[in-house]
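Here is a friendly briefing to read alongside the model. Keep the viewer open and look up each part as you meet it.

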Amino acid sequence: MYRALPSAFLRSALFSASRSAQAQNAKVLAGDQSPLVAGKEIATFQNVTLIFSGYELCQFDRQVYATCLDYYRERPLAPEESTHHIPTSFYEFAKRMDGSYSLDSHNAIRASLLRLSFAQMQLRFNQRNIEVPKLLTVSFAHGKAGEGDFKGSDILLLQITESVAELFGPGAWTAVDKETLGYGGLVGWLASFYASHLGPKWLPVEGLYKLSGYESHMRNFKASLVRALNKLKHEKTPSCSQVSTYHFSKDGNTLMVIRKAWGDKLNAK
């Protein structure tokens, strides 16, 4: 019911709340590399530096990547330069991810896997430098982009190498509820961000704006933030991700969020 992801990813704009990445699906599927960025510094939390190259990523990519990692739940990551890949079908992948398969989900998953396969990054935190030359490698055994005859039985071959393991050190990763991973936009980003913390704390609203990768102007962010938090307060939200309450400071510039999973720890620092 849970998927593990590096906390550094969840506390940054790497998997942003923006939906513009998915708007590029047709370009990615067609092999258009014009949206690629190189050496871009991603907004991060506290003393983490993240330099990214590749297609910009979104919340859906976070869900897809968590599913890819889940294939390695009971097996070791592949050694560097290994030719071993994990075979699966698009139907099986979609079922493992969120339980449904369709032509639209097939195309979305394929585009996301291609985006993730281009992702390269360098991270620095805790006086350590970590190079991740590839988040994953993927190849498709059947079907070509543009053919229009994709099927659930089409095979994809996944590989995640040992370089990613350095991101899962002690206290450096977060278990995120599978249902929560399916949330998109700002709701999904907030749920994952706060899941990576052990308790509440006052945080600047402007800082959350930058970390989330919110694509509209800052003046629109607070209203979107309130709507997203109210959705996370809903009784149908999984208890591990549900927000009990939240408070803005008197000047409205800082925010404290309290998750149900934490209890009412009002003695936040």
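## A residue to start from

In this predicted model, glutamine 120 is partly exposed, because its relative accessible area of 39% falls between the 20% limit for buried and the 50% limit for exposed. You can find glutamine 120 in strand S7.

**Around glutamine 120**

- Leaving aside residues up to four places away in sequence, glutamine 120 touches Ile51, Phe52, Ser53, Val132 and Pro133.
- Glycine 39 is 81 residues away from glutamine 120 along the chain, yet their C-alpha atoms are separated by 9.2 Å.

**The four-stranded sheet**

- Strand S7 belongs to an open sheet of four strands, whose order is S3-S4-S7-S8 and whose pairing is antiparallel.
- At the edges are strand S3 (37-42) and strand S8 (128-132), each of which pairs on one side only.
- On average, neighbouring strands of this sheet are turned by 15 degrees against each other, ignoring direction.
- Five bridges link strand S4 (residues 49-54) with strand S7 (residues 120-125) in the antiparallel sense.

- S9 pairs with strand S10 (residues 155-159) over four antiparallel bridges, and serine 139 has leucine 157 as its bridge partner in S10.

**Buried helices**

- Why is helix H8 (residues 185-195) described as largely enclosed by the rest of the structure? Eleven of its eleven residues are buried, so the helix is largely enclosed.
- Among the buried residues of H8 are Trp189, Phe193 and Tyr194.
- In helix H9 (residues 205-212), the buried residues are Val205, Leu208, Tyr209, Leu211 and Ser212.
- The cover over the buried residues of H9 includes H8, helix H10 (218-232), S13 and S14.
- After H9 comes glycine 213, with a positive phi near 70 degrees.

**The hairpin**

- Strand S13 (residues 243-248) and strand S14 (residues 254-259) run antiparallel and are joined by five bridges.
- Together S13 and S14 form a hairpin with five residues between them, and glycine 252 in the turn has a positive phi of about 75 degrees.
- Histidine 247 has methionine 256 as its bridge partner in S14.

**The largest pocket**

- The largest pocket has a volume of about 490 Å³.
- Which residues lie nearest its centre? They are Ser7, Arg11, Asn126, Gly171 and Ala172, out of 24 residues that line the largest pocket.
- Sorted by class, this lining has ten nonpolar, eleven polar and three charged residues.
- Helix H1 (7-10) and strand S11 (173-177) each contribute at least two residues to the lining of the largest pocket.

Notes: Residues are numbered from 1 along each chain as its sequence is written. This is a predicted model: local features need pLDDT of at least 70, side-chain atom pairs count only at pLDDT 80 or more; totals for chains, interfaces and linings use all residues. Side-chain values use heavy atoms; hydrogens and water are left out. Two strands pair if DSSP finds at least two bridges between them. On a 1 Å grid over the protein atoms alone, a cavity is a set of points where a 1.4 Å probe fits but cannot get out, and a pocket is an open set with protein on both sides within 12 Å along at least five of seven lines; lining residues have an atom within 4 Å of a point. Grid points are joined across faces, edges and corners, and a volume is the space filled by probe spheres set on the points. Ala, Val, Leu, Ile, Met, Phe, Trp, Tyr, Cys and Pro count as nonpolar, Asp, Glu, Lys and Arg as charged, and the others, Gly among them, as polar. Axes are lines fitted to C-alpha atoms, for helices over the stretch in contact, and angles run from 0 to 180 degrees between N-to-C directions. Buried means under 20% relative accessible area, exposed over 50%, partly exposed in between (1.4 Å probe, protein chains only). Contact means heavy atoms within 4.5 Å.
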